[in-house]
Structure formats: structure tokens, C-alpha cells
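I opened this entry to log what I looked up, item by item. I begin with one backbone angle.

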Amino acid sequence: MMQAESARNFTTTFSVDRSPQEAFEGIVNVRGWWSEDAEGVTDRVGGEFVHRYQDVHRCTVRVTELVPGRRVAWLVVDNYFNFIEDQAEWKGTEIIFEITEKGGGAEVHFTHIGLVPQYECYDVCSNAWGGYLGGSLRNLINTGTGQPNPAAGGAAPSHQDAASELRAERALDGRSG
């Protein structure tokens, strides 16, 4: 399901029991599967939104392409993780969702162009994408209910555990910043 595509990009594919258009509508509803605290425009080319999860992660994302029922593309304009040292790791990367009809439903092929295994955040980020995409987004599309990061003060989804563990290790090593 998940793999590094030519060691340059993180990619994963999942299927849903809904139409390509319903998959598209789920993807652009980032508050329904990624973060309830997302602010900004997620469903218009040129729009920008800010994803944030507590003090752990925040990023500014620009919508660069929307083809209903077929494709969603984003550019990460700015990014911050509190569990890595190189804050440039996601800046300038692209996030692509390609949607095709398959077996009466849809297949969503996700690629995070520039998220590479050499990045300090790769293990945590690929794990989190797996939870968001194969769990939360898939559920949102199939059932109408995802498991996004909650609004401020809510309980974290389980895929946040890996980032918490890495932060704890950095603190023990004296590398926290």
C-alpha cells in the first residue's frame, strides 16, 4: 500500500466504495479528514489553508489544481514540525491526489512529491499520512465521517503517537529546541 516511489516521493493508494466525484469532495474537505482546525480555502485553485495540530505541526498549503472527480494538487508554502531540526523538509513539496474509477468505486493515488526517506520526518510523516489517508480520508469518503485531528483540546488520533515518541527521544537526547 505505501512505498517510496523511485526514492523521491512518498506514495500510497487506496480504494473506496464511492464515485470519483465523491472521493474528490472528500479530499477537498480537509476539516473532515486532516484537521478540524484547518483555516482557509481548500476547494478553490489559488486558495490557501493552514493545517495545524497543537504545537506539533503547522503548514500553509496552496491549492494549485482541482479537476473535479480526477485530481487535487497542493503546494506546501510553509511548514513547521516540533520534532525535527530541519524545518525546510516539507517547504516547496507537492501533494497530489489522483482519482480514477475502479470496480464501481474509486481509487485514490496519493503522492507527496519531495517527502523522501532521507528526511528526518519521513518515518513519522509516512506513518501519519497512512493514518490520515487509509483511515480518516477513506472513512470520510465511504461513510461521511473521518477522524481528523480534533479542534484544540481534543484527543489525538493514534497516528500522532509516533511524533510524540520522537519528541520524547529528542528531549532525552538534549536535542529539543
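Which residue just after α3 takes a positive phi? I found glycine 144 there, with a phi of about 90°. I note that the model is predicted.

Next I looked at α3 itself. Helix α3 covers residues 122-143, 22 residues in all. I read 29 Å from its first C-alpha to its last. That is close to the 32 Å expected at 1.5 Å a residue. I then checked the axis for a bend. α3 bends by about 25° at tyrosine 132.

I moved on to asparagine 82. I located asparagine 82 in the loop between β6 (71-81) and β7 (94-102). Is asparagine 82 buried or exposed? Its relative accessibility is 18%, so I log asparagine 82 as buried, the cut-off being under 20%. A polar atom of the asparagine 82 side chain lies 3.3 Å from the backbone oxygen of aspartate 55.

Then I took the chain as a whole. I listed four helices and eight strands. From the N terminus on, I wrote the order as β-β-α-α-β-β-β-β-β-β-α-α.

I closed with totals. The chain has 177 residues, and 46% of them count as buried. I put the accessible surface of the chain at about 8,300 Å². Carbon and sulfur atoms hold 46% of that surface.

Notes. Residues numbered from 1 in each chain as written. Predicted model: local features only at pLDDT ≥ 70, side-chain atom pairs only at ≥ 80, totals over all residues. Heavy atoms only, no water. Helix = DSSP H or I, 4+ residues; strand = E, 2+ residues; numbered from the N terminus. Buried < 20%, exposed > 50% of the residue type's maximum accessible area, 1.4 Å probe, protein only. Areas by Shrake-Rupley, 256 points an atom, 1.4 Å probe, with all protein chains shown as cover. Polar contact = N/O pair within 3.5 Å; in protein donor to acceptor, adjacent residues only side chain to side chain. Expected span 1.5 Å × (residues − 1). Bend = angle between axes of the 7 residues up to and from the residue.
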